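These are my notebook entries on how the parts of this assembly meet.

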2 protein chains.
Amino acid sequence: MIRIKDIADQVGVSATTVSNVLHGKQQRVSPETRRKIEAAIREMGYVPNMGALMLAKEQSSIIGVILFDKGSRNEPTLTDPYYGSLVGYLEQYIRDKKHYMLMLTVSNVEEIIRQAKAWNLDGLIACNLQPDVIRHLYALYPNPLVSLDAYLENKESYINIAVDDFGGGYQMGRYLAAMGHRNVLMISDNDQGVDHQRWLGFKKGLGEAKVPVSDKQHLLVSNISGERMVQYKRYKELFRKQTALFFSSDYYALEACSALRETGFRIPEELSLAGFDDLFCSGLMTPKLTTIRQDIEQKARMTVDALFCLMEGGEKRDWVLPVELIERESVRRV
Amino acid sequence: MIRIKDIADQVGVSATTVSNVLHGKQQRVSPETRRKIEAAIREMGYVPNMGALMLAKEQSSIIGVILFDKGSRNEPTLTDPYYGSLVGYLEQYIRDKKHYMLMLTVSNVEEIIRQAKAWNLDGLIACNLQPDVIRHLYALYPNPLVSLDAYLENKESYINIAVDDFGGGYQMGRYLAAMGHRNVLMISDNDQGVDHQRWLGFKKGLGEAKVPVSDKQHLLVSNISGERMVQYKRYKELFRKQTALFFSSDYYALEACSALRETGFRIPEELSLAGFDDLFCSGLMTPKLTTIRQDIEQKARMTVDALFCLMEGGEKRDWVLPVELIERESVRRV
DNA sequence: AAGCTTTGCAAAATAGAGAAAATATATTAA
DNA sequence: TTAATATATTTTCTCTATTTTGCAAAGCTT
């Protein structure tokens, strides 16, 4: 390992002078000395030691990305292409900002805070936290923090990036109603946050179209994959009574679709399906999935922009990005 | 930020004693002092500073995961569900080993080495590097390194984890031949490494079944997405002459499938398709994709195990994991 | 009681880099 | 010539934690 000191010894100056050449802030270095030092840096292959930098500068150039570990499914969250894509773009934009991404899959707020302290994180992006967790985190965490898909009460006190989940749900509610569906179920693995917004919008959309709707039509199937869900008799019977199912994510819908067909449901003839996200494969299955499209790249860019704005002392604000209903084949007219 | 020194001052001992309590190696501490220090650590919420640890211990507890940035497509590599899943599992197993994962998306060996030096990486996992790049990396990089899907000459001098790509290609060759296909193309975006192995196996499989086969049947379409590929007239005409296409990955096959159908190809009636990977959505599209399944979770586990074995001074060896042909609907009998 | 070991703890050195303060040298002005 | 002022570079301190060395006190043996 080549240190600044090694360069300094080689050239015959002090470490500070080398440091000044490396990021010539306050002080000047003679062109001659600078030239010699720069040559030595190149030749000896000096690379700054991040540990020392973290210690000396009291910042890390690391952005933590929190993925909540529900501990329910065995699969990592990244297996869902939505999260794969999201994290991929986050890394890309974080890298553009000359920072590094540390993926922190954790299961409670204390652990998030521990890690953030330990690594002296310059910023934190919280991806799929439950409302109570994210609320708790915002209350305890003093440093730059941006959340994705969080829905809390007092919008002034946090920065959140989300698509128009309510609007997406609303559009889907209107759409299913317009297609003549009266017996409809929304299926989530979560009754809070994003899924709740989508449900509220959905309910409103159905209601406005004079479709009778109650909270019983929001089915929560926590920790059960789309595949396994159909194996439960009570769910199967419930699905028999519906003409359409609205899944809170495409990943879920895609998993369920195949299982439903194998169990004997004819889709969309007997049962229409809709999803949310528009994954790359949603348009490839049969029937092609009707869904609400969100722009993941844009979401990631907004998130990183908002975080760096915050880190540079900018203003707090939250963002809502538009969604679009993509009508394909999985919803038929009744 | 609470330091060791703060704990020491609180209890009235030296920092050394607190350090000894935290990981009581060589030296002893009286039970009484130990108790007091432990209480203070808990109460004051001490969290070790990773920067200082990196500096003092000259190791980082970070595993770097290299994703090569081809710079060709605009999408991040993680958008491919294969990589999403792989990285997700890698993170999971790295975390199990009490380490952290740093995703390094880089575009050349010098940069990889720079980052590894800068972060003092305990270990490196190289994911999708070209043979010349990975060869270069193995030659220059002195610390624990495990590659995924690399195929080099002298197997003794590196550790590589891969599935039986040759065997998978071979099985597919035999299978397509057995299904009566004579005009077959393999499509990759890469003529080296994994894709080359799959091609070699494929060629052998076809050859053994007496299907005439030449290297012209390995079509390289670098930097072109499956969707865009079909837009090129010369490719379209080429495809018209085939009865089956074997794509080097499901992601590619899935992208192409939808585009092919929209261009007027009837699949599988006019043109059979096959892939490699068995993504979660490969069984959901229509027709369901016939493919070679690999176990990504196992691959990730093997990779992390091999790396930590190496870090602890274990032996070098490489691993080849089995694959399985999944016969579904996208290949018809001619 | 002298000499030894064990116990319990602390001081100092180390890791790599940044930042403030100090110092040396050269230039200009009085 | 001396003082003031730039310019160039070094010294010293700081960041947090580990590790090596040192040292006093207590306990044991002969």
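Predicted model: local features only at pLDDT ≥ 70, side-chain atom pairs only at ≥ 80, totals over all residues.

Residues are numbered from 1 along each chain as its sequence is written, and chains are lettered from A and ligands numbered from 1 in the order in which they are written.

**Chain A against chain B.** I counted 41 residues from chain A and 41 residues from chain B in the contact, where two residues are in contact if their C-beta atoms, placed from the backbone, lie within 7 Å. On the side of chain A that touches chain B, at least two residues each come from α4 (50–57), α5 (81–96), β2 (100–106), α6 (109–119) and α12 (250–262) of chain A; helices (H or I, at least four residues) and strands (E, at least two) are DSSP runs, numbered from the N terminus. The most is given by α5(A), with nine residues. By class I find 23 nonpolar, 14 polar and four charged residues on this side of chain A, with Ala, Val, Leu, Ile, Met, Phe, Trp, Tyr, Cys and Pro counted as nonpolar, Asp, Glu, Lys and Arg as charged, and the others, Gly among them, as polar.

**The α4 pair.** I then looked up α4(A) and helix α4 (residues 50–57) of chain B, whose axes come within 7 Å and cross at roughly 135°; axes are lines fitted to C-alpha atoms, for helices over the stretch in contact, and angles run from 0 to 180 degrees between N-to-C directions. That makes α4(A) oblique to α4(B), since angles under 35 degrees count as roughly parallel, over 145 as roughly antiparallel, 65 to 115 as roughly perpendicular and the rest as oblique. A:M50, A:G51, A:A52, A:M54 and A:L55 meet B:M50, B:G51, B:A52, B:M54 and B:L55 here, and the residues of this contact divide into eight nonpolar, two polar and no charged.

**DNA.** Around DNA strand C I listed 28 residues, of which A:R3, A:N49, A:A52, B:V13 and B:S14 come nearest; a residue is near a strand if its C-beta atom, placed from the backbone, lies within 6 Å of it. Two or more residues each come from α2 (15–22) and α4 of chain A and from α2 (15–22) and α4 of chain B, and α4(A) gives the most, with five residues.

**Inside chain A.** Last, I checked α6(A) against helix α7 (residues 131–140) of chain A, and their axes come within 10 Å and cross at roughly 40°. That makes α6(A) oblique to α7(A). A:V109, A:I112 and A:I113 meet A:V133, A:H136, A:L137 and A:L140, a contact with six nonpolar, one polar and no charged residues.
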